[in-house]
Structures are given as structure tokens and as C-alpha cells.
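Take a look at the model first, then follow along below.

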Amino acid sequence: MALRKVLGTETEYGVIIRGQPDFNPALASALVINSYPGDRVRVQWSYEEESPGRDARGFGHEGFGVADPESALVNAVLGNGARLYVDHAHPEYSSPECWDPLEGALYDKVGELVMARAANRAQATLPEGRRLRLYKNNSDGKGNSYGAHENYLLSRETPFGQVIRFLTTFLVTRQVFTGAGKVGSENGRPPVPYQITQRADFFEEVVGLETTLKRPIVNTRDEPHGDPGKYRRLHVIIGDANLSEVQTFLKLGVTALFLSAMEDGALPDPIELADPVKACWQVSHDLELRQPLDLAEGGTATALDIQGRYLEWLAKYAERELDEPVWDRVIDEWEKTLELLETDPSRLADTLDWVAKRRLLEAYVARDGLAWDDPKLRQLDLQYHDVDPASGLYHRLVARGRMRRLFTDQEIARAELQPPEKTRAYFRGRCVSQFREALVAANWDSLVFDIGEPHLKRIPMMEPLRGDRARVGPLLDRVADAAELIEALGG
């Protein structure tokens, strides 16, 4: 059987200080992270166990991806098990490890609340006339793109060549329901008034290790954040930062389901594209969803055709192998979405960001007679992603009942404080809340404590599904401090 698809997201937020044209984005990001007022502990991130230069194809190079030392100092672990830090001059929220796609969508949404609260506190420190804004988006419109990544637990026994063969076409064609929408094109791609995704123009290779240059459709970083003899962490970098809760659930759920079926050998021979990089931006530029994509074996198929085949295969797999209701919900949402994309995409304006934003912008075009290259439309495009509920256009749609939701504000606020209960994120989050004074360093698979002895104490967390509430909750309830915790765990 396939491994449980423990999953999570990493989102770099766009940052700007209006009224200060020469602002330093790294310093602005540090201000945001340091201003977060919620439950957290500032720690040194431990890079001892991390190896961003290791390639899943069996090679790598030393020094690749070494962290910026200044960024390493601006780092916090939250009481819900998430990480909040500066990455490539952006404030980033990395969600805790989640049990299923519904929980994954919830903790991704928490990131928006965390950033909005941090930005509000940071704003109070700025001089009059300057406004700090944060955007959950992926492009500044000036040729720069930043990431919204997903992570999924895979078995080490799954050959990575198999992952590449099956996954490439899936990732290219899923863009029809993962895109956040964008005015115009970038990175030398053909001009378009509007497109489905923010990221497609920036992908230049099919397979590769990079994440910021010559971005690949399938990223080969082999950094499992767990027992390397048992696990891989699939690092998906081709995807948009979504505000729609339903869309995030759909993106995570369909991808996790696809990977499970692949590991279980439940998929037919892979569908392979003749030119995946070209197909990537072709799908994004095709608002009518009718673009024929050349297949490696000859012939053509549209992205919707291909996704329809995946739906047929995975629905049968889920019915046969999976008994949790969440997977029925994924299939139902996916089927409905593909049907409406085929017949009337405008009816998904309450579900998909790219459709919702397109409807808004078309209304301005019609009302004010704007051309699609009008700077006002680009500004409205950006405003859709503003995390401030008082300013963001997405939030205005929510307030008017025009976007479907999966979670209440109270559920999101609760998840900001409480970690997931079925993964090791529970242990991490509880330790942040209970032993913040003793916690000095952390990474995804360990915590380091100073309990007043000559040597620091490292607690390894190499199993993503251990450290859950059922296993460690009673222990954490009874220990008084970190020293007692260490002793109870065997020293």
C-alpha cells in the first residue's frame, strides 16, 4: 500500500512598503516576521540535517542552496507547528505536517491570518505615510516570481524516474484548477491579456534541482525531512498561491490521490507530452481550455481531456482502496470542477481564483472601457491577493458571500494556536507552547533544548507520523519542564 500522504505547503508572500520606493525587501520581510504577535519561539534553524543540494536522480553538488545567514536568524517556530521565516527576501509561512488535504487547506489558510496579523503589528512601527502590504501571490509583474510549494510524503522505494514519467503531464495539466490568474505574460512568453496561472511563464526545464532559476516542472530536491532510508519528500514547485479554500483543498487532494495511485501501481502507462515546457504556458494562456497539446506518442489532447482520464482512473482507485470520506469529497469536487470547466467556467467564480479574478477584472474593463494592459488592471490584479481583510479584493468577495468556504473564521483562528494532532507537528507545536525558554534550535525532524547541562539535547523526530497527540499527548500533559521531558524520553 502507498504511504500515507502527509503533506504541507510553503508560501512566500510578496512584500512592499508604499511611500518608500527604496525599501529593502529583506529588511521589510524581517520586520514582518519579528512583528508576529502570536504564539511562537524565535530559534536558530538547524541546517545540520538539511541537504538542498542532494538530487533525487543520484547526484548533487556541495554548497548548493546554503541558507542566507541573515535569514537564518529571522526564524520562528509557531505554536501550531508551522515555521515563519525570511526566505529569498520574502516572508514565508511553511505549514505544519498535515494528515490529509482538508487539514492541509486549513493550515495553509492559517498562513494568511498569521501574515495579516504580523503586517498589522509591523505597520505600527513605520513612519507616517508609509504602508506595508503583503500579498499571497507569485509574481510582482516585473519579471520576478516567488514560490508556493507543496510537499508530499513518498516511499523511498518508489523510483524517482517513475515519479518523473507519471507526474510531469499531471502537473502541467492540473493548472486548469490550480491557477490564481494573472494579467499579461512574463519571461519572454507570447503576450496575452490574461492567463490562468501566475507561475507557468517561468518554467524552463522539465526536470531539475533549481527552484529560483531555470525552474523545472518536476523538482528533484531530495531532502526528506525524515528517515532517508524510508522516505522521500516530493517538493512540488509548479503551483500558485491560492486564496480560495476549496481550490487549495482540490489542489492538495487530487495531487495526493494521484501520488498514492502511482505508488500502488494503479495507473496505466503514463501520458507523456511531446514538449512539457511549451505545454506549460500553452495551458495557462488558453482561457477557452481548448488548446491541443502534442503528445509524445503522437496525436493531441487538451488539458481537460487528460485530467478527465486521470479522474476516471483515480475515482476507481479511491473507491477500491480508500475508505476515508475525505477522498470521496476530493473526487466529487474534482469531477464537478472539470465538468464546469468544460461547459461553463464562469460558474466556478466562487471556487477558482483565476475565474473569480477574471470576472472582477472583466467588470472593470466593461465599466471603465479599460484596455487589458492598463496599469489600473494590474493594480487590481495585485489587490486581489492583499492579505489585509480591509483591502484585499478576495476578502471583499468572501464578505459578500461570493466565494465558497470550507472553514469558519473561528476554525482558522483555533488552528493558528493548535497544531495538527495526527503528525509530529503536534509534538513540535506543544513544545513551542510549553518549553519556549529551553528551545534553542529546530528543524522539521528535530528539536534542540538547553536544559542547563554542559551539552545541548537534541530530540530526533524522523518519523512524520509519530509525535502525534495519541502517542505524546499524555506525556506532555504530565511533564513540568523540558528537563523532565528529556528524562522521560530516555535522556
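Take tryptophan 372: its relative accessible area is 23%, so it lands in the partly exposed group. Keep in mind that this is a predicted model.

**Aromatic pairs**

- The model has 8 aromatic pairs.
- One of them joins tyrosine 194 and tryptophan 372, which sit 5.9 Å centre to centre with 50 degrees between the planes, a tilted arrangement.
- This pair connects distant parts of the chain: tyrosine 194 belongs to strand β11 (residues 194-195), while tryptophan 372 is in the loop between α10 (353-368) and α11 (375-383), 178 residues apart.
- Tyrosine 194 has a relative accessibility of 2%, so this residue counts as buried, whereas tryptophan 372 is partly exposed at 23%.
- Another pair brings together phenylalanine 435 and phenylalanine 449; it is called edge-to-face because the planes meet at 75 degrees, with the ring centres 6.4 Å apart.
- Phenylalanine 435 is in the loop between α14 (425-434) and β17 (439-443), and phenylalanine 449 is in strand β18 (residues 446-449), so this pair ties together parts 14 residues apart in sequence.

**Salt bridges**

- How many salt bridges does the structure hold? The count is 34.
- Arginine 233 and glutamate 10 form one of these, and their closest N and O atoms are 3.5 Å apart.
- That bridge spans 223 residues of chain, from glutamate 10 in strand β1 (residues 7-12) to arginine 233 in strand β14 (residues 231-236).
- Both arginine 233 and glutamate 10 are buried, and they're also part of a salt-bridge network with Arg221 and Glu223.
- Aspartate 388 and arginine 133 make another salt bridge, at 3.3 Å from N to O.
- These two are 255 residues apart: aspartate 388 is in the loop between α11 and α12 (393-399), and arginine 133 is in strand β8 (residues 131-135).
- Aspartate 388 has a relative accessible area of 23%, so it is partly exposed, but arginine 133 has 8% and is buried.
- Glutamate 463 and lysine 230 also meet in a salt bridge, at 2.8 Å from N to O.
- Glutamate 463 lies in the loop between β19 (457-460) and α15 (469-478), and lysine 230 in the loop between β13 (215-219) and β14, so this bridge ties together parts 233 residues apart in sequence.
- Lysine 230 is partly exposed, with a relative accessible area of 38%.

- Which residues form the negative surface patch? They are Glu319, Asp328, Asp332, Glu335 and Glu339.
- Helix α9 (residues 325-343) supplies the largest share of the patch, with 4 residues.
- Glutamate 339 is found in helix α9, and at 48% relative accessibility this residue counts as partly exposed.

Methods. Residues are numbered from 1 along each chain as its sequence is written. This is a predicted model: local features need pLDDT of at least 70, side-chain atom pairs count only at pLDDT 80 or more; totals for chains, interfaces and linings use all residues. Side-chain values use heavy atoms; hydrogens and water are left out. Patches are made of residues with over 30% relative accessible area and no salt bridge: like charges are joined within 9 Å, nonpolar side chains (Val, Leu, Ile, Met, Phe, Trp, Tyr) within 5 Å. Accessible areas come from the Shrake-Rupley method with a 1.4 Å probe; for residues, only the protein chains shown count as cover. A salt bridge is a side-chain nitrogen of Lys or Arg within 4 Å of a carboxyl oxygen of Asp or Glu. Lys and Arg count as positive and Asp and Glu as negative; His and the chain ends are not counted. The place of a charge is taken as NZ of Lys, CZ of Arg, CG of Asp or CD of Glu. Buried means under 20% relative accessible area, exposed over 50%, partly exposed in between (1.4 Å probe, protein chains only). Rings of Phe, Tyr and Trp (its six-membered ring) pair if their centres lie within 6.5 Å; planes under 30 degrees apart count as stacked, over 60 as edge-to-face and the rest as tilted.
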